[in-house]
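Dear colleague,

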Amino acid sequence: MGFDASYTATAAKWLALVTAVWVQAISGNNYTFSNYSDALKTLMNLTQLQLNNLSVAKDVGKAFGLLAGLASDRIPTPVILLIGSIEGLVGYGAQWLVVSEKVKPLAYWQMCIFLCMGGNSTTWMNTAVLVTCIRNFRRNRGPVSGILKGYVGLSTAIFTDLCTALFNDNSSSFLIMLATVPLAVCLIAVFFLRETPPAATAAEEEEETKYFNVFNVVAVVVALYLLGYDFFPNKSKAFSLTFSTILIVLLASPLAIPVYSYIKSWNLRLLKTEPDVEEQVVEPLLASEETAAENKKEEEAAEESAVAMVEVKRRPNLGEEHTISEALKTVDFWILFVSFLCGVGTGLAVMNNMGQIGLALGYADVSIFVSLTSIWGFFGRIISGSVSEYFIKKAGTPRPLWNAASQIIMAVGYILMALAVPGSLYIGSIVVGICYGVRLAITVPTASELFGLKYYGLIYNILVLNLPLGSFLFSGLLAGYLYDAQATPTPGGGNTCVGAHCYGLVFIIMSIACLVGFCLDIVLSVRTKKIYTKIYGNRKSKKSLAGSGNQ
């Protein structure tokens, strides 16, 4: 009976990850604002500052992700998924009604509310997925974070390319996809996304690594497939339909992993023979009595230890379980928080303004830049998750060190975009995508390693407050004001700006912010070196014990 439960639980764990991947593949709709922002700007006669503040309202929705974090330990995962998907249906559905001109343009404050709802919807889905999967795969937090966050990065390209293939970049069709597809996927995920026992042995951990490699290969194939479509000229209707069908098959292909896991476990069960009676007697009665005596001593020692802990309650060290208040009182949390702001805040400013950045630099269609940012963001997420995990296991390298590297590269990307050299927007889109992806994929497991898993859902959503805060500072204020200062008014309201000067100063200031983030990440790497050395030591000793046990 125990074995039956074991092989069912193993298959269920991988099925949960597959459905989590599907949810993440449709939950990056927050990064698609550039695909329909110009339609909103034209219909509502908005200035760039007003348009940017709409994008800020979208990101402010993430601030209410704290509700999802609080609910993660109190409400079942299926309910969390349903809340997010229904809220997204309402938020993006209302935007579709406006852009498709089914209704007259709503009041500005009303549009802010619906954009906020759309932004908040993803926090429920992301919280459900990340909390569940990080707990299911706690020994491989880096790879699972990279895979999940990688598909969030790909989701923008998936939506953009499917809309291009099926609806010729029609903004209203794009919005109806954002409203309905997440609901359909979440209705499937509610049946399969649940917590299962994590790997308990080194052998199980190694098996997880092998399966993660398969997920990575499939994800890379999907990314390259999307990238190839973006650069393929003269797409016919038949070609576009074929592309869409193959893409859906590729996204469904990871289902082979839980199926294989179940069949493998079933075959092992069939081959397993009943043990002899002599084999069932593993220790004499005397040993049981001695064990009982030892257990009694351990219980007494535990009671004494508990009394001592009550008398002197110490503050937890990094790497131990923290309550929310304990985490917020640490210097390390705020270093992580501000460095995260420098990376994701500037990245969001580029993504939210990509439509206007492209037009300013002379590109009529910016969908390719949106896709490039998404696809290369995927590579940044998936590679950094696996690579950082590898170096922790091999040398105890602090995970924040990879954040520091991404900040420097991002700063260089912003300088190139400020110079507006030929092809700089292509290079800038790729660099911003990679570094933004690294930032997200590295910060997720780092928070769990430093402050524990017990309150991880809420800690994660506190860090995610950087998305609305960064969007407000770098997109709403910085980019909005500086663009409007350079722009000329247009008839009927609104404004426009053409030339490198429109965003030049914005990029310079954001590169300075990235340098600040780099310094903070270096400080955090130094402060957490002991934690990662300890993780490395624990894993090495556990692996050597497993090896000696097999001899």
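Which helices each supply at least two residues of the nonpolar patch? They are helix 17 (400-419) and helix 21 (504-527), where helices are DSSP runs of H or I with at least four residues, and strands are runs of E with at least two, numbered from the N terminus.

Some notes on the basis of the values come next. This is a predicted model, in which local features need pLDDT of at least 70 and side-chain atom pairs count only at pLDDT 80 or more, while totals for chains, interfaces and linings use all residues. Residues are numbered from 1 along each chain as its sequence is written, and side-chain values use heavy atoms, with hydrogens and water left out.

Overall, the protein chain contains 22 helices and two strands. Of its 551 residues, 53% count as buried (under 20% relative accessible area; exposed is over 50% and partly exposed in between, with a 1.4 Å probe and protein chains only). The protein chain exposes about 23,900 Å², of which carbon and sulfur atoms supply 67%; accessible areas come from the Shrake-Rupley method with a 1.4 Å probe, and for residues only the protein chains shown count as cover.

The nonpolar patch on the surface consists of I415, L419, V421, L505, I508, I509, I512 and V516, with about 660 Å² of accessible area together. Such a patch joins nonpolar side chains (Val, Leu, Ile, Met, Phe, Trp, Tyr) within 5 Å, and like charges within 9 Å, among residues with over 30% relative accessible area and no salt bridge (a side-chain nitrogen of Lys or Arg within 4 Å of a carboxyl oxygen of Asp or Glu). Helix 21 gives the most, with five residues. V421 is found in the loop between helix 17 and helix 18 (424-451) and is partly exposed, at 36% relative accessibility.

There is one disulfide (a pair of cysteine sulfur atoms within 2.5 Å). The bond joins C497 to C502, with S to S 2.0 Å, and the link is left-handed, with -90° about the S-S bond. C497 is buried at 5% relative accessibility, and C502 is buried at 2%. C519, by contrast, is in no disulfide; the nearest cysteine sulfur, that of C342, is 9.6 Å away.

Finally, W14, F137, Y211, F212, F215 and Y260 form one aromatic cluster; rings of Phe, Tyr and Trp (its six-membered ring) pair if their centres lie within 6.5 Å, with planes under 30 degrees apart counted as stacked, over 60 as edge-to-face and the rest as tilted.
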